[in-house]
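I opened this model to look up its helices, their contacts and its pockets. My notes are below.

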Amino acid sequence: QLDPLFLAGLGFQESLLNQNAVSPVGAIGVMQLMLETGKSMNTGNIYELEPNIHAGAKYINSLLYAMSLQNTLPETERGFFAVAAYNSGANNVRKARELAVKMGLDPNQWFFNVEMASARLLGLETFLYVRNVYKYYVTYDVWVRKTALDQEKLNPKR
């Protein structure tokens with residue numbers, strides 16, 4: 001039930017959509033999953049493209065679900081927090097939310113709030129990561145809409 005463009009943005013940030021990518025710490029494929037995480041998603045061999053993407057989708061979905069258990073988190077923010085957790089771990093997101101409160105920031109808003117606490121706590125990686133995934137998602141969304149409009153101009157309904 002995840003937006004394919006959201007998954008594409010996440011995959012682009014992780015690996016530039018390169019299934020042959022292997023990180024220095026051993027993360028594998030488009031979705032850059034650790035072998036144990038991939039196995040735990042039970043989607044098949046994550047060295048192969050489809051199982052890798054399915055495992056990444058299941059993993060981000062599990063993070064979205066975990067964020068939904070926190071009733072204080074608005075639905076629109078869950079995706080940002082889940083992406084941050086995909087990058088730095090759910091425990092680090094929890095710590096960043098706690099720090100945001102101490103900093104006088106809203107612990108339920110990612111942009112300009114928890115992202116600032118995250119940057120202080122973890123450095124800029126997660127801060128930039130979430131922004132990039134969102135940027136790629138919006139870019140893909142605009143591209144798909146523009147392509148549909150261009151096709152409509154070429155083949156107008158009569």
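These entries go from the overall fold to helix contacts and then to pockets.

**Entry 1: ground rules.** I am working with a predicted model, where local features need pLDDT of at least 70, side-chain atom pairs count only at pLDDT 80 or more, and totals for chains, interfaces and linings use all residues. Numbering starts from 1 along each chain as its sequence is written, and side-chain values use heavy atoms, with hydrogens and water left out.

**Entry 2: fold.** I found seven helices and zero strands. Helices (H or I, at least four residues) and strands (E, at least two) are DSSP runs, numbered from the N terminus. The pattern along the sequence reads α-α-α-α-α-α-α. I noted a box of roughly 60 × 40 × 25 Å for the C-alpha atoms, along the principal axes.

**Entry 3: H1 on H7.** I took axes as lines fitted to C-alpha atoms, for helices over the stretch in contact, with angles from 0 to 180 degrees between N-to-C directions. The axes of H1 and H7 come within 8 Å and cross at roughly 130°. H1 and H7 are therefore oblique to each other. Under 35 degrees counts as roughly parallel, over 145 as roughly antiparallel, 65 to 115 as roughly perpendicular, and the rest as oblique. For contacts I used heavy atoms within 4.5 Å. On the H1 side I listed Leu5, Phe6, Ala8, Gly9, Leu10, Phe12, Gln13 and Glu14. Their partners in H7 include Tyr129, Val133, Tyr136 and Tyr140. By class, this contact has 11 nonpolar, three polar and two charged residues. Ala, Val, Leu, Ile, Met, Phe, Trp, Tyr, Cys and Pro count as nonpolar, Asp, Glu, Lys and Arg as charged, and the others, Gly among them, as polar.

**Entry 4: H4 on H7.** The H4 and H7 axes come within 9 Å, crossing at roughly 130°. That angle makes H4 oblique to H7. This crossing is right-handed. Phe80, Val83, Ala84, Tyr86, Asn87 and Ser88 of H4 meet Glu125, Thr126, Tyr129, Val130, Val133 and Tyr134 of H7. I sorted the contact into eight nonpolar, three polar and one charged residues.

**Entry 5: H6 on H7.** The axes of H6 (residues 110-122) and H7 come within 6 Å and cross at roughly 145°. From H6, Trp110, Phe111 and Phe112 are among the contact residues, and from H7, Leu124 and Phe127 are among them.

**Entry 6: largest pocket.** A pocket is an open set of points on a 1 Å grid over the protein atoms alone, where a 1.4 Å probe fits, with protein on both sides within 12 Å along at least five of seven lines; lining residues have an atom within 4 Å of a point. Volume is the space filled by probe spheres set on the points, which are joined across faces, edges and corners. The largest pocket holds about 380 Å³ of space. Its lining has 16 residues, with Phe6, Leu64, Thr76, Gly79 and Phe80 nearest the centre. H3 (49-68), H4 (75-88) and H7 (124-154) each supply at least two lining residues. H4 gives the most, with six. I counted 10 nonpolar, three polar and three charged residues in this lining.

**Entry 7: second largest pocket.** This one holds about 260 Å³. Which of its 14 lining residues are closest to the centre? They are Glu14, Gln32, Tyr86, Asn87 and Tyr129. H1 (4-15), H4 and H7 each supply at least two residues. H4 gives the most here, with four. The lining divides into six nonpolar, six polar and two charged residues.

Terms used. A crossing is left-handed if the near helix is turned anticlockwise from the far one by less than a right angle, and right-handed if clockwise.
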